[in-house]
Amino acid sequence: MRARMIFAFVVLAFLAFAQGGALAMETTARQAILLDATTGTVLLDKNADQRMPTSSMSKMLTLYEVFQTLREGRLKLDTALPVSERAWRLQGSKMFVELGGQVKVEDLIRGVAIQSGNDACVVLAEGLAGSEESFAARMNQTAQKLGMTSSHFVNSTGWPDPQHFSTARDLAKLGVHLIKDFPDYYPLFAETNFTYHGINQGNRNPLLYRNMGVDGIKTGHTEDAGYGLTAAAKRGNRRLVLVVNGLSSMQARADESARLLEWGFHEFSVYALLRAGDQLDRARVWQGTDKDIPLTLGEDVMLTLSRPQRADMKAMIRFDEPVPAPITKGAKLGTLILTAPDMAPIERPLLAGADVPRLGLIDRMLGSLRHLILGENG
C-alpha cells in the first residue's frame, strides 16, 4: 500500500491560509441542526437525533405529500375539496374554511404554508386519502422513502400525540427534499400573507421579514414542544437549512434562528477543492502495455469548511501498486482521504484514468524474468 500526503502539492493551490476562526456555537434551543445543503455538511448539531414533538413543522410532510400527488397528475390545483365538520371544528391555527363548503387545492396549500391552518390540513388529508388516519399512513411511507427513519406521524397537522414525533435531523432532510424535489411549489413558503374568507393572515415565519435570504419553511409551537422553526436561506450559491425546537418564546425563536443562520453563512464557506478528472498521481502497472496509469477523481470534491478547518486541512492518497493489467478506465484503484479539525474523514475513490491492456504471453514471460533477475517492474 502506497500512501502520501498531497496537501502541499494539490489542495493548497485552492485554499488560502486564514488566521483565527469561530468557536463551537452554543444555542438555547433544546434540539437544533444547521445543515449546508450545498454539500450536505452539518455545521451545528445539538440533540439532532433526539425524539421531539414536531408541532406544525409536521405540515411540511403534509404538503410534500400534496405536491407529490399534484406531480403525479392525481390532483389539480383548481380541484375543489369538501370541508367536513371535523375539519371545520378543528382548533388551533386556522384558515377559517366554511362548514360544508368546497375549497380549491391551491388555496388550501397556501392555507397550510402561510396560515398554518389545521383545518386546511384535514381538508387535504381527507380529500386525498379519505380519512386523516389513512393520510397519516401515507405520510409515514413517504417519510421512510426520504430517509426520515426516526419519525412517526399520526395526523396531518402536528397536533400533540405521544406517537407523533420526529427529530431535528429528519426535519432538515424533509426541508432539503421540499426545496430540491418541488422547485415549482417551494416558492409558496416565501409568500408573506394570504387572504381567505375575508380574513388576511401573515406568514408566521419571522425570518421572512428580516431581509436575510430566508425563503421558508415552517414554524411550529405547542406547550410540550416549545417554539420551533425549520428555516431555509439562500445566499449566492449556498443554501442553509436550520431546524430549532424547544425555544421559550416567539421572540427567542426569531432571534436565535437568525443568529445561527448568520453564523453559518459568516463562519463557513464552500470550497471546490478538486474537480472530476483531476490527476492526483500515477500508479505503476504490472504486465501492461503502459508502465504506469494516471489516478484521477471521478467526481468533484466540494466541502463546507470553517476558517480553522480550511487552514489545517490535510489530504492523503492511498493505493496499491503495481496494478496488474488489464485495467479498465474508471476502475477504483485507490482512495483520497481528506481530514480537518472537528470533521469526520471524507473519502473519495481514485479511479484509473485510462485503459491499459495486458501484454501478450511472450512479453509477460520476459517481464517476469526481468522482475525475478533484475527486480524491474514487468
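**Notebook: ring pairs and salt bridges**

I began with Phe 182, which is buried, with a relative accessible area of 3%; by buried I mean under 20% relative accessible area, by exposed over 50%, and by partly exposed anything in between, with a 1.4 Å probe and protein chains only. The model is a predicted one, in which local features need pLDDT of at least 70 and side-chain atom pairs count only at pLDDT 80 or more, while totals for chains, interfaces and linings use all residues. Residues are numbered from 1 along each chain as its sequence is written, and side-chain values use heavy atoms, with hydrogens and water left out.

**The chain as a whole**

I noted 9 helices and 18 strands in the chain, taking helices (H or I, at least four residues) and strands (E, at least two) as DSSP runs numbered from the N terminus. Of the 378 residues, 52% are buried. I then looked at contacts, meaning heavy atoms within 4.5 Å, and found that among those between residues at least 6 apart in sequence, 65% join residues at least 24 apart.

**Aromatic rings**

How many aromatic pairs does the count give? I recorded 6 aromatic pairs, where rings of Phe, Tyr and Trp (its six-membered ring) pair if their centres lie within 6.5 Å, and planes under 30 degrees apart count as stacked, over 60 as edge-to-face and the rest as tilted. Because Tyr 64 lies in helix α1 and Phe 182 in the loop between α6 (168–181) and β6 (193–196), the pair ties together parts that are 118 residues apart in sequence. Tyr 64, at 5% relative accessibility, counts as buried.

I next looked up Phe 67 and Tyr 185, whose aromatic pair is stacked, with 4.9 Å from centre to centre and 15 degrees between the planes. Phe 67 lies in helix α1 and Tyr 185 in the loop between α6 and β6, so this pair, too, ties together parts that are 118 residues apart in sequence. Both Phe 67 and Tyr 185 are buried. I found that ring pairs link Tyr 64, Phe 67, Phe 182, Tyr 185, Tyr 186 and Phe 189 into a cluster.

**Salt bridges**

For salt bridges I required a side-chain nitrogen of Lys or Arg within 4 Å of a carboxyl oxygen of Asp or Glu, and the count came to 18. In one of them, Arg 138 pairs with Glu 65, the closest N and O atoms being 3.6 Å apart. Arg 138 lies in helix α5 (residues 132–145) and Glu 65 in helix α1 (residues 59–71), so the pair ties together parts that are 73 residues apart in sequence. Are Arg 138 and Glu 65 buried or exposed? I found both Arg 138 and Glu 65 buried.

I also looked up Glu 262 and Arg 235, whose side chains meet in a salt bridge at 2.8 Å, N to O. Glu 262 belongs to helix α7 (residues 250–267) and Arg 235 to strand β9 (residues 226–235), and the pair links distant parts of the chain, 27 residues apart. Glu 262, at 35% relative accessibility, counts as partly exposed, and Arg 235 is partly exposed with a relative accessible area of 30%.

My last entry is Glu 299 with Arg 348, a salt bridge of 3.7 Å, N to O. Glu 299 lies in the loop between β13 (292–297) and β14 (301–306) and Arg 348 in strand β18 (residues 343–352), so the pair ties together parts that are 49 residues apart in sequence.
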